[in-house]
Amino acid sequence: MIKAEWFFWLVGGVLLAMAAQMLADRTNPKRYGTAAFWGLLGAGFVYSTWVADKTAPAEPLGAAVLVMICLAGFGFTGRGTPRTATPAQRAADATRFGNRLFVPALTIPAVALICAVGVKRLHAGGEPVLEKGSETILGLGIGAVVALAVAMVMLREKRIAVPVHEGRSILEKAGWVLLLPQLLATLGAIFSVAGVGDQVRRITTAVLPDGSVFLAVVVYCVGMFLFTVVMGNGFAAFPVMTAAVGWPVLVQQAHGSAPGVMAVGMLAGFCGTLVTPMAANYNMVPAALLELTDQYGPIKAQLPTAFVLLACNIGIMSVFAV
């Protein structure tokens, strides 16, 4: 059986290899801090296996996260000059291969779909080929490996160090913001356990007039929007606002459709994702990778769409969900 942990080990191993490259890159004036940051992340992917099995304490992972925050927060990470293709070589390859360059990228979702739909049903020796419940993430990992092989064959590249150098170049360009969504999602879980949702529920139920379902819909959708703007992640905002308004008011009191309320509520939260720099993977990372002169360019372009979609979600929930 192919286990999800193998995929996490592979990710950790790749990060550790990239950290070794960063450490050896003398063009980066902050190579030690950069290597330490990504090396700790790679080691965390491996060590967390034993934490999940409860055979190792979780405290070292927490300490590693604090060290990574200090490394990034105090400016100990930087960028080097990885040994990758020159702009002229990229332009020549683009002219030569044309739209075929999209083949490796399209390989990833194709393989992931095959694994999630077809391979999940296969068994060997009475056991499923893919670990049950992890078919999608395993499909993503297998798809990435297959896509890498396809790209190397298509481009006739025989050195595995070349894609590793290119990958660590992306890590250095984007920097610590790549981890912001995961940290914010964790923060949302902490808020939920701490009872923030219950406190928001008490405030909203005290303020909302009795029987005002439409106003409750507005509060839920706008709350999802605003919490997502603050926390940068709709999944982080969801448990807070759903515990506050979505479930107790719209589902239990107004007898709304739980699937409809939850689904449209998440869509309202995603509207907030479009307008916040806290959603680094959607807004800040693309600006950094494309080296845009205005790092807030994606947000400015998405503002009108975000507010129009928020109004549409409020209308859809009011008409079809409650």
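Helix axes are taken here as lines fitted to C-alpha atoms over the stretch in contact, and angles run from 0 to 180 degrees between N-to-C directions. The model is predicted: local features need pLDDT of at least 70, side-chain atom pairs count only at pLDDT 80 or more, and totals for chains, interfaces and linings use all residues. Residues are numbered from 1 along each chain as its sequence is written, and side-chain values use heavy atoms, with hydrogens and water left out.

**Helix packing**

Helices are DSSP runs (H or I, at least four residues), numbered from the N terminus. Helix α1 (residues 4-24) packs against helix α7 (residues 161-174) at an angle of about 80 degrees, and the two axes are 9 Å apart. α1 is therefore roughly perpendicular to α7, a label given to angles of 65 to 115 degrees. On the α1 side, the contact (heavy atoms within 4.5 Å) is made by L15, M18, Q21 and M22, and on the α7 side the residues include H165, R168, L171 and E172.

**Salt bridges**

The whole structure holds 5 salt bridges, each defined as a side-chain nitrogen of Lys or Arg within 4 Å of a carboxyl oxygen of Asp or Glu. Among them are the following.

| Pair | Closest N to O distance |
|---|---|
| R168 and D25 | 3.1 Å |
| E166 and R90 | 3.1 Å |

R168 lies in helix α7 and D25 in the loop between α1 and α2, so their bridge ties together parts that are 143 residues apart in sequence. R168 and E172 are 4 residues apart in helix α7, about one helical turn. D25, R168 and E172 are linked in a network of salt bridges. By relative accessible area (buried under 20%, exposed over 50%, partly exposed in between; 1.4 Å probe, protein chains only), R168 is buried at 2%, D25 is buried at 7% and E172 is buried at 6%.

E166 is partly exposed at 24%, and R90 is partly exposed at 41%.

**Nonpolar surface**

V65, L66, I69 and L183 form a nonpolar surface patch with about 350 Å² of accessible area together. Such a patch joins nonpolar side chains (Val, Leu, Ile, Met, Phe, Trp, Tyr) within 5 Å, from residues with over 30% relative accessible area and no salt bridge. Helix α3 (residues 59-73) gives the most to the patch, with 3 residues. L66 is in helix α3 and is exposed, at 55% relative accessible area.

Technical notes. Patches are made of residues with over 30% relative accessible area and no salt bridge: like charges are joined within 9 Å, nonpolar side chains (Val, Leu, Ile, Met, Phe, Trp, Tyr) within 5 Å. Accessible areas come from the Shrake-Rupley method with a 1.4 Å probe; for residues, only the protein chains shown count as cover. Helices (H or I, at least four residues) and strands (E, at least two) are DSSP runs, numbered from the N terminus. Angles under 35 degrees count as roughly parallel, over 145 as roughly antiparallel, 65 to 115 as roughly perpendicular and the rest as oblique.
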